[in-house]
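Biologist: I would like a close look at one part of this model, with the charged side chains as the topic. Please describe how these residues are placed and paired.

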Amino acid sequence: MNHPLSRRQYLLRSGLGFGALALDGIVAAEEPSKPDGRPPFQPKAKRVIWLFMRGGVSHMESFDPKPALNQFAGKSISETPHADVLAPKHFKDLRVVVVDDANGKSRNTIYPLQVGFKKHGQSGMEISDWFPRIGSCADDIALIRSMWTTDNNHGAQVQFHSGRHMLDPRAPTIGAWINYGLGSLSDNLPQFINIGPRFFDKRDGHYLGPAYDAVNLKVDPANPLDYASPYGGMNAAEQLGNLNFTNGLNRLAAEQFPGDPALEARIQSYELAFRMQTAVPDVLDFDSESEETRKLYGLDQAETKTFGQQLLAARRFSERGVRFIQIMHGDGAAGAWDHHSGLKQGHAKLSKQVDLPTAGLLKDLKQRGLLEDTIVVFATEFGRTPGSQGADGRDHHPFGFSVWMAGGGLKGGVVHGSTDELGFHAVENPHYVTDVHATINHLLGIDPRRLEVPGYKRLDQDYGNIIKEIIA
């Protein structure tokens with residue numbers, strides 16, 4: 001019998017064909033950035049906490065106040081001095097998936113603002129009254145008011161994460177690329193975690209392989225993973241024996257079929273899953289957290305408890321070395337923020353769920369010294385139309401919307417870019433969604449152009465452009 005292949009040989013042969021939970025953590029820890037293992041420049045950040053509001057947050061009722069909507073309320077856009085926003089030249093980049101869909105249209109009767117705004121912090125950043133606690137963190141935030149994308153339906157959720165339109169072949173998401181480029185900070189936890197309702201594309205790695213998909217977790221200490229409890233009531237010693245026996249058989253098979261990446265991936269996935277059974281429930285055990293910290297995240301209030309638990313878990317995972325923690329808010333096929341009607345009631349309710357916990361996360365990271373090397377992103381797939389849909393809603397709006405970021409080498413208290421007077425188009429320093437990706441990659445020390453995989457040509461737009469104005 002030949003000698004078994006070394007662990008490193010197994011790992012190095014794993015390539016891109018991983019299955020299930022198989023991760024390349026050990027190889028990536030030794031070779032933190034492909035192809036030669038060295039970050040091309042000094043990183044300012046180590047990890048990302050990515051908060052994504054599914055459905056489309058209205059930029060005009062959150063982070064981009066437009067008094068002109070009140071001034072011209074009830075008028076058609078063509079009756080205002082801003083009729084040019086409807087000129088065909090502005091719509092050339094739009095790519096429609098479903099022609100004449102009921103949604104995703106330009107609504108032309110102007111709908112007034114449904115909430116007031118206040119200035120916050122020394123910066124005087126204007127943020128809506130639905131987000132007062134995020135407003136209290138204004139001086140730590142870099143707000144981008146000039147985002148745009150090309151999908152007028154909820155495929156824009158996929159586009160925001162991957163840069164690719166629904167009509168294009170699927171491509172890896174930002175979390176998958178960071179996982180691929182940097183590897184693991186922990187041997188016992190996955191590199192890339194998703195918490196909350198996924199959008200309809202359930203994969204992240206795509207041509208990188210399933211090793212780079214997010215591991216989906218529930219913030220439930222009793223059952224955070226489908227495999228968190230040993231099968232059949234086995235104790236830890238019995239389970240370890242079972243794991244060693246199974247891996248022994250897998251290694252014998254690997255000798256016979258040394259080019260089979262699925263076998264090698266399976267070995268890794270079993271080992272990581274075994275370690276996670278202890279590590280993940282420990283992270284989700286909040287008993288050690290003070291009452292002050294629990295209140296900071298809103299765990300003492302019914303409206304904020306669920307999201308607050310998820311964000312507290314994110315802080316605990318980030319402390320333990322998880323690189324990319326993705327938290328989705330807003331259940332349902334399209335996402336709960338998709339208010340084609342009842343916008344005032346719906347947005348007020350959802351903003352109350354996320355405002356206090358999000359501010360709590362920023363404050364908690366800052367007081368622990370973690371914000372300086374953690375990037376927090378608050379994003380959504382597109383905005384809402386300046387015009388009304390029906391009596392009291394707004395439609396999908398890809399032409400201009402807002403996101404913000406904080407921490408990890410970013411400036412605080414800055415507003416970058418703008419939309420026009422009606423909030424229709426991004427006009428000053430417009431940024432396609434992958435500009436957010438490029439900025440994050442830069443702060444993490446990744447040059448994405450060094451990560452291209454043979455056989456899968458990436459476009460310039462996939463890489464994006466660094467938003468240098470918001471970098472400290």
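**A charged network and its setting**

Modeller: Glu289 has a relative accessible area of 8% and therefore counts as buried, a term for values under 20%, with exposed over 50% and partly exposed in between (1.4 Å probe, protein chains only). The model is predicted, so local features need pLDDT of at least 70 and side-chain atom pairs 80 or more, while totals for chains, interfaces and linings use all residues. Residues are numbered from 1 along each chain as its sequence is written, and side-chain values use heavy atoms, with hydrogens and water left out.

The partner of Glu289 is Arg316, and their closest N and O atoms are 2.6 Å apart in a salt bridge (a side-chain nitrogen of Lys or Arg within 4 Å of a carboxyl oxygen of Asp or Glu). This pair links distant parts of the chain, 27 residues apart: Glu289 lies in the loop between helix H8 (261-283) and helix H9 (291-296), and Arg316 in helix H10 (residues 302-319). Helices (H or I, at least four residues) and strands (E, at least two) are DSSP runs, numbered from the N terminus. Arg316, at 4% relative accessibility, is likewise classed as buried. Through shared partners, salt bridges join Glu289 and Arg316 with Arg315, Glu319, Arg320, Asp364 and Arg368 into one network.

The count of salt bridges in the model comes to 26. One of them joins Arg394 to Glu61, with 2.8 Å between the closest N and O atoms. Here the partners are 333 residues apart: Arg394 is in the loop between strand S9 (383-384) and strand S10 (396-397), and Glu61 in the loop between strand S1 (47-53) and H3. Both Arg394 and Glu61 are buried.

Lys118 and Asp129 form a further salt bridge, the closest N and O atoms being 3.3 Å apart. Because Lys118 belongs to strand S2 and Asp129 to the loop between strand S3 (125-128) and helix H4 (132-135), the pair ties together parts that are 11 residues apart in sequence. Lys118 has a relative accessibility of 48% and so counts as partly exposed; Asp129, at 32%, is also partly exposed.

Val98, in the loop between helix H3 (68-71) and strand S2 (117-120), is partly exposed, with a relative accessible area of 46%. Helix H6, by contrast, is mostly covered, since 9 of its 9 residues are buried, Trp177 and Tyr180 among them. Just after H6, Gly183 adopts a positive phi of about 75°.
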